Amino acid sequence: MNVINAPGWKSVLATEFEKEYFKNLKDFVATAYQTNTCFPPKNEVFAAFNKTDFNDVNVVILGQDPYHNEGEANGLAFSVANGVTIPPSLRNIFKELEADLGVPPVTNGDLSRWASQGVLLLNATLTVQKNSPGSHQKRGWEQFTDSVIAKLSEEKEHLVFLLWGGYAKKKGAKIDTTKHLVLQSGHPSPMSANRGFWFGNKHFSKANAYLVEKKRKPITW
């Protein structure tokens, strides 16, 4: 498992890497990748951190698991590699983006363009076995990403946290809302979106309005 190379994250998470649970997690992931097909590729497990360093974070989008189908996961929540068919949840994200800000849907589902602007696309669990959703849950990833969220909440200010769906809301429950903007809605998956819990949340325009208010550069979504 490749490590985090971004200097800000390396510093902030240095003590986390030394904890027993994280060492056990690294061993588990190493064995899992040796014995099974797992996603994302090993060199992209920490892509969210390496593409959006701690000091550059402006917005945090919380996902749950990486995509578990061949060739989809690229280490960024909700994102897929360029050229891969856009999954249903991401299609609905793009539909809401068009309704909210007039951004036409694109055929490129690689959200690196958001990550490079300070959007941390963080899954709660950073690895998964092929065709086996949730297979790497409760192995230590959740503890690690809880610590990441806590560090962001405690050590930074004026971030926007986008919590989509019940899982993300629960995971982000301890974010300091006196320092940060927390926006919540249903999940963009078809099951949730088609029941009226996703479309119309206007999270993209609300996030940008907050960033501008705090003298930060808005995201080109």
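This is a predicted model: local features need pLDDT of at least 70, side-chain atom pairs count only at pLDDT 80 or more; totals for chains, interfaces and linings use all residues.
Student: What makes serine 153 count as buried?

Tutor: Buried means under 20% relative accessible area, and because serine 153 has a relative accessibility of 6%, it counts as buried.

Student: Which residues is serine 153 in contact with, leaving aside its neighbours within four places in sequence?

Tutor: With those neighbours left aside, serine 153 is in contact with Lys174, Ile175, Asp176, Lys179 and His180.

Student: How far along helix H7 are lysine 151 and glutamate 155 separated?

Tutor: They are separated by about one helical turn, because they are four residues apart in helix H7. Lysine 151, at 21% relative accessibility, counts as partly exposed, and glutamate 155, at 46%, counts as partly exposed as well.

Student: How many salt bridges does this rule give?

Tutor: The count comes to five salt bridges. One of them joins glutamate 16 and lysine 19, whose closest N and O atoms are 3.2 Å apart.

Student: Which residue forms a salt bridge with glutamate 70?

Tutor: Glutamate 70 forms a salt bridge with lysine 130, and their closest N and O atoms lie 3.1 Å apart. This pair links distant parts of the chain, since glutamate 70 is in the loop between S2 and H5 while lysine 130, 60 residues apart from it, is in the loop between strand S4 (128–129) and helix H7 (141–155). Exposed means over 50%, so glutamate 70, with a relative accessible area of 54%, is exposed; lysine 130, at 33%, is partly exposed.

Student: What does UniProt list for "active site"?

Tutor: The unreviewed UniProt entry lists Asp65. In the model, aspartate 65 lies in the loop between strand S2 (59–63) and helix H5 (88–101). Leaving aside neighbours within four places in sequence, aspartate 65 is in contact with residues including Asn123, Thr125, Gly134 and Gln137. The backbone nitrogen of glycine 134 lies 2.6 Å from a polar atom of the side chain of aspartate 65.

Student: How do you know that the span of H5 agrees with what a helix of 14 residues should have?

Tutor: At 1.5 Å a residue, the 14 residues of H5 should span 20 Å, and its end C-alpha atoms are 20 Å apart, so the two values agree. After H5 comes glycine 102, whose phi is positive, near 75°.

Student: What covers the buried residues of H5?

Tutor: The cover includes helix H6 (112–115), strand S5 (160–164), helix H9 (190–193) and helix H10 (203–213). Among the buried residues of H5 are Leu90, Asn92, Phe94 and Leu97.

Student: What makes asparagine 92 buried?

Tutor: Its relative accessible area is 6%, and as the cut-off is under 20%, asparagine 92 is buried. Leaving aside neighbours within four places in sequence, asparagine 92 is in contact with Pro188, Ser189, Pro190, Ala193, Trp198 and Phe199. Asparagine 92 and asparagine 194 are 102 residues apart in sequence and 9.7 Å apart in space, C-alpha to C-alpha.

Student: Which residues of the largest nonpolar core touch the most other members?

Tutor: Of its 68 residues, those are Trp9, Phe49, Ile61, Trp114, Phe144, Leu152 and Trp221. The largest share of this core, seven residues, comes from helix H3 (residues 20–35). Leaving aside neighbours within four places in sequence, the contacts of tryptophan 221 include Ile61, Leu97, Trp114 and Phe204.

Technical notes
Residues are numbered from 1 along each chain as its sequence is written. Side-chain values use heavy atoms; hydrogens and water are left out. UniProt positions are given in the numbering used here, feature names are shortened, and annotations may be inferred rather than shown by experiment. Helices (H or I, at least four residues) and strands (E, at least two) are DSSP runs, numbered from the N terminus. Contact means heavy atoms within 4.5 Å. A polar contact is a pair of N or O atoms within 3.5 Å; within protein, one must be able to donate a hydrogen and the other to accept it, and residues adjacent in sequence count only if both atoms are side-chain atoms. The expected span of a helix is 1.5 Å times one less than its number of residues. Buried means under 20% relative accessible area, exposed over 50%, partly exposed in between (1.4 Å probe, protein chains only). A nonpolar core is a set of buried Ala, Val, Leu, Ile, Met, Phe, Trp, Tyr and Cys residues joined through side-chain atoms within 4.5 Å. A salt bridge is a side-chain nitrogen of Lys or Arg within 4 Å of a carboxyl oxygen of Asp or Glu.
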